[in-house]
Amino acid sequence: MSHTPGPWVAGNTADSIIVPEDRPAEEILRSGGRLIAESIEPRNRPLIIAAPDLLAALRGGTVALEQCITNPITAYELDLARRAIANSRAAIDKAEGRGS
């Protein structure tokens with residue numbers, strides 16, 4: 001993984017996104033955590049905050065679809081596909097500002 005792992009959340013300032021941390025540092029005290037982004041337009045915050053979840057959902061969805069394509073669909077593959085769809089929908093909702 002070459003990005004900062006999530007969860008990413010809204011920071012103390014209205015235009016910041018952070019990874020919460022408990023260690024003292026000037027930047028952490030100002031923003032409330034390790035700064036991921038700042039000067040963010042409010043309409044873009046949900047999408048940026050959801051980025052780690054979207055990536056995870058896409059990874060899971062890809063695995064589920066590969067299983068369904070390469071193997072006859074069993075109860076396991078069907079469950080895997082259903083979970084991938086649910087995770088994808090939750091990530092999309094979060095990116096669009098409807099989820100937590």
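Predicted model: local features only at pLDDT ≥ 70, side-chain atom pairs only at ≥ 80, totals over all residues.
The crossing of α3 and α4 is left-handed, meaning that the near helix is turned anticlockwise from the far one by less than a right angle.

On the α3 side the contact (heavy atoms within 4.5 Å) is made by D53, L54, A57, G60, G61, V63, A64, Q67 and C68, and on the α4 side by E77, L80, A81, A84, N87, S88, A91, I92, K94 and A95. By class, the contact of α3 with α4 has 11 nonpolar, five polar and three charged residues; here Ala, Val, Leu, Ile, Met, Phe, Trp, Tyr, Cys and Pro count as nonpolar, Asp, Glu, Lys and Arg as charged, and the others, Gly among them, as polar.

The protein has four helices and three strands, arranged along the sequence as β-β-α-β-α-α-α; helices (H or I, at least four residues) and strands (E, at least two) are DSSP runs, numbered from the N terminus. Of its 100 residues, 28% count as buried, that is, under 20% relative accessible area, with exposed being over 50% and partly exposed in between (1.4 Å probe, protein chains only).

Phi of S39 is near 60°, a positive value in a residue other than glycine, whereas most residues other than glycine have a negative phi. R43 lies 8.7 Å from G97, C-alpha to C-alpha, although 54 residues separate R43 and G97 in sequence.

The average pLDDT (the predictor's confidence in each residue, from 0 to 100) is 79, and 84% of the residues score at least 70. Confidence is lowest in helix α1 (residues 26–31), at a mean of 57, and highest in helix α2 (residues 45–49), at 88.

Residues are numbered from 1 along each chain as its sequence is written, and side-chain values use heavy atoms, with hydrogens and water left out. Local features need pLDDT of at least 70 and side-chain atom pairs count only at pLDDT 80 or more, while totals for chains, interfaces and linings use all residues.
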